[in-house]
Amino acid sequence: MGMQMSERMKWFRLSRLAWPVAVVMLLFAALPVKAAEPIKIGFGMALTGPLSANGKMSLVAMQIWEDDINAKGGLLGRPVKLVYYDDQSSPSQVPSIYAKLLDVDKVDLIVSGYASTQIAAAMPVVIQKKKLFISLFGTGINEKFKYPKYFSMIPNGPTPKPAFTRGFFKVAEVQKPKPQTIALVYVAAEFGLNACEGARENAKTSGFKVVYDKSYPPSTTDYSPIVRAVRAVNPDLMVVCSYPLDTVGMITAMHEVGFKPKMWGGAMVGLQATVFKTKLGPMLNGIVNYETWLPVKSMEFPGSMELLKKYQARAKDQGVDPLGYYMPVWAYADLQVLGDAVAATNSLNEDKLADYMRKATFHTVVGDVKFGKQGEWAQERTLAAQFQNIKGKTVEDFRDPKTTEVILYPPKYKSGEVIYPYEKAIMK
């Protein structure tokens, strides 16, 4: 009996100790599990200022990617969070933004904002911090820096400077009779200087004589004197390498002055955004300019049209480009590449990511992407397209590019024929 009582007392004492432990364990079990720390991807973006039309539509697409990847479980078992600041379209704002992202926000990875000027301004910080950097629409940036962890999301291929106008020259050189002379006009800024350097190469290759070759300052507001100066030498062709507000000013001046070369356009940024298309309307007819993607059958890559639907649904509420034919697919693909590299390497180690990105082929909403020399695309795929048959200035006038913006080059993606000379196109 004594032994039984002793065992019972022992069990009683142990049970008194066990109950509090069990209660504590139940309480902890009832508490919510702390979510994994997000993988933070940082960047600056032009959300105000002259580059904002393209910057804002890029951001919307990047946010769609963020939602899509998180709906699939994120990366490495962690959610993804975008951390971004408005660079106000000013290169001077960019270095401090990236310093803050890396030193204060402690982001895991960075990508660029939109435009060559902003990307070039970020490069010294990127190189100093030894960060992987995927740029969004930078032209020939790494020819100067030669940074091994730089990758470019733009279809300009291994020779990015001539790529912007190569299609223009390929179309012009087969016209009969063949044009003989050309004028080159360009903004004295990162993109204009690089694109026009490429245009000079193309002019030489195509056998055109350059009879005018001058830049204008970024602060220019009156383009009529420039157009009159070009008209005075009467070239057959004219290539313009400009930023959005310059582009609008140049086209307006061409119509005010009444200058009608046989073909003109080239590398005018802005004409890809709906806000500028609807501003200019029929004044666009006949212009042959670079493009990068249009929603035509030959360019319906896996996921591209689904993205476009998502983008257009959000655009209604966010006051951004209602069509989104320019930057959204590229901004989304930019993060697709980064996310696929993280998933494939199962790592955030940027040396590993860069090594993988140099070798891999990525399947994106803009088609297959493979990087080559200096982080540019291994193969060029920049388009040349001509505005045709535009009657008005509404969004609906530009919704269907099959009739209003036809792809002329390269042949693989061609969707229409050129109207030549320019005067014939504006009379239709």
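Q: Hi! How many salt bridges does the count come to here?
A: The count comes to 19 salt bridges, each being a side-chain nitrogen of Lys or Arg within 4 Å of a carboxyl oxygen of Asp or Glu. Bear in mind that this is a predicted model, where local features need pLDDT of at least 70, side-chain atom pairs count only at pLDDT 80 or more, and totals for chains, interfaces and linings use all residues. Residues are numbered from 1 along each chain as its sequence is written, and side-chain values use heavy atoms, with hydrogens and water left out.

Q: Which residue does Glu350 form a salt bridge with?
A: Glu350 pairs with Lys131, and the closest N and O atoms are 2.8 Å apart. The pair links distant parts of the chain, 219 residues apart: Glu350 is in helix H13 (residues 350–359), and Lys131 is in the loop between H4 and strand S4 (133–136). Helices (H or I, at least four residues) and strands (E, at least two) are DSSP runs, numbered from the N terminus.

Q: Is Glu350 buried or exposed?
A: Glu350 counts as buried because its relative accessibility is 12%. Lys131 counts as buried too, at 10%. Buried means under 20% relative accessible area, exposed over 50%, and partly exposed in between (1.4 Å probe, protein chains only).

Q: And which residues are linked in a network of salt bridges?
A: Glu143, Lys161 and Glu197 are linked that way. Glu143 is partly exposed, with a relative accessible area of 29%, whereas Lys161 counts as buried at 9%.

Q: Changing topic: which residues have the most contacts inside the largest nonpolar core?
A: Those are Tyr98 and Trp264, in a core of 143 residues. A nonpolar core is a set of buried Ala, Val, Leu, Ile, Met, Phe, Trp, Tyr and Cys residues joined through side-chain atoms within 4.5 Å. Helix H12 (residues 328–345) gives the largest share of this core, 10 residues.
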